Amino acid sequence: MSIQKRVVGSYFVIILITVAILECMLIALVNFYYFHNVERILMNQAELSASFYHQYFADEDLEKQSERLLSGFSHNSAAQVQIISSTGQLLQDSTGLLTSENMLEYQDVQEACSGKAGTWRGNNSSTNEDILAVSYPLQAKDRTVGVVRFVTSLTETVKTVNQVSAIFIAVGLLVIFIVAIPGIFLSRTITSSITELELAAQKMAEGDFSIKANKRYRDELGALADTFNSMAARLRQNEQIKNDFISSVSHELRTPLTSIKGWVVTLHSSEGDDKAMLKDGLEIIDTETDRLTRMVDELLDFAKLDNGRIALSFAPVQIQELLGHIGKQLAPRAARQSISLDLDIDDTLPIIQGDENRLKQVLINLIDNSLKFTGPNGSIKMYAYSNQQQIIIAVEDTGSGIAEQDLANVFQKFYKGNIHGTGSGLGLSISEQIIKLHHGQLKITSKLGKGTRVEIYLPK
Ligand SMILES: Nc1ncnc2c1ncn2[C@@H]1O[C@H](COP(=O)(O)OP(=O)(O)OP(=O)(O)O)[C@@H](O)[C@H]1O
Ligand SMILES: [Mg+2]
């Protein structure tokens, strides 16, 4: 069941019950008021007639005087007047029709005979009308000698009561209508916003992130629409990042593949006559394959680091030992390139908690960069020292340096500067991720033509 149906439905039921209770009460009151009024008028007349009889005719015989009495009683009344003897015999009737039936059959007459006023409401069998009868005892010397009875038709009263009730019911229906229309309208404003949001969500579930939910009002639903839209924007952005990433990865993979393919075709057509060319070609294919492998490895690494899917295994690390080890490992390459590689390490360095392999990966990345971008006779220095809160490891070279406008980009994935080196441009972004996972910071300063200094800040 929809929210609108539920809201409007319960609202309707409440209004209906309230109006129905009010209507019933009002109609009952009107009924009571009208019938009670008719009864009171008849009762007054009957009482007046009885006291008239008591004053002026008490000494005389009722049966003999009945005709005179009747004309006196009916003189001031529009009602039918009857005079009945104490035995129940109808003596006079203002309609002139005298029935032979015993009037004691009527409850009001019976009560009057026993000395009390009586009323009776019922159906007149001869005219088939609703009637009201009021009987009053006629007393002479404390003895009931007969009964005066006033009878009136209720047809008019019933008609009036019905008319008033009809008006009440009409007003009640109008009230329901007036109250229900804004209810339906209000619930529609709520549910239409929800329906729109639902539609937008459905489109998004189908993969369409370009949709925008309409914000109709500045209420909770409006806020929901806003949140929804920013969620969609976020997803669009992610989608864009993903697409960019895929296209740059494919582009990066294409370069070595093109070179390999080119050499394979060349070697194939030369049929291995030229030994020197064969050697060159195979060497290039070998390095390009290595480069591809390394790139794929780095990409996998990067994706894992980026998703936080790699949990570093923290253990105590001796920075001094680590740097010494790396220095030894890279010394032959530096010597080959005629670059001096020196270490300047503070021996009071504290032991830190870290992932030794990952830190080694970062340092090798940095020194690899320095070796790549430093010419012969250049120098590379590694520093390690500490201040109160941090341990600082720096790699400084006298290489090509980085132009100021490129400095901000070096941490981006696939950024390789102007030089088309052999790298994939992932080294620094992976290094930055790893240092971040150590709650540290990676900073780079450089002067074009002078050299570069990369600093790693690790918390103690
Ligand atoms: N020491 C440096 N001297 C000069 N330029 C540098 C230095 N370190 C980094 N750069 C610049 O920053 C770019 C990005 O470096 P990064 O290590 O991320 O990628 P890469 O070395 O090109 O590739 P990879 O490390 O994946 O093999 C480099 O291509 C280079 O232009
Ligand atoms: Mg690098």
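## Exercises on salt bridges and a surface patch

The structure, a predicted model, holds 13 salt bridges. Let's work through some of them together.

**Exercise 1.** Find which helices are joined by the salt bridge between R358 and D301.

*Solution.* Start with the contact: the closest N and O atoms of R358 and D301 are 2.9 Å apart. Next, place the residues: R358 belongs to helix α8 (residues 356-372) and D301 to helix α6 (residues 275-307), so the pair ties together parts that are 57 residues apart in sequence. Finally, check exposure. Buried means under 20% relative accessible area, so R358, at 15%, is buried, and D301, at 16%, is buried too.

**Exercise 2.** Work out which strands the salt bridge between R453 and E396 ties together, and how exposed each partner is.

*Solution.* The closest N and O atoms of this pair are 2.6 Å apart. R453 sits in strand β12 (residues 451-459), while E396 sits in strand β10 (residues 390-397). Elsewhere, salt bridges that share partners join R333, D368 and K372 into one network.

**Exercise 3.** Identify the residues of the nonpolar surface patch of about 390 Å² and the element that gives the most to it.

*Solution.* First, list the residues: I3, V7, L186, I190 and I194 make the patch. Then assign elements: α1 (3-56) and α4 (155-205) each give two or more residues. Of the elements, α4 gives the most, with 3 residues. Helix α4 is also where I190 lies, and I190 is partly exposed, with a relative accessible area of 40%.

Technical notes: Residues numbered from 1 in each chain as written. Chains lettered and ligands numbered in written order. Predicted model: local features only at pLDDT ≥ 70, side-chain atom pairs only at ≥ 80, totals over all residues. Heavy atoms only, no water. Patch = residues over 30% accessible without salt bridge, like charges linked within 9 Å, V, L, I, M, F, W, Y side chains within 5 Å. Areas by Shrake-Rupley, 256 points an atom, 1.4 Å probe, with all protein chains shown as cover. Salt bridge = Lys/Arg side-chain N within 4 Å of Asp/Glu carboxyl O. Helix = DSSP H or I, 4+ residues; strand = E, 2+ residues; numbered from the N terminus. Buried < 20%, exposed > 50% of the residue type's maximum accessible area, 1.4 Å probe, protein only.
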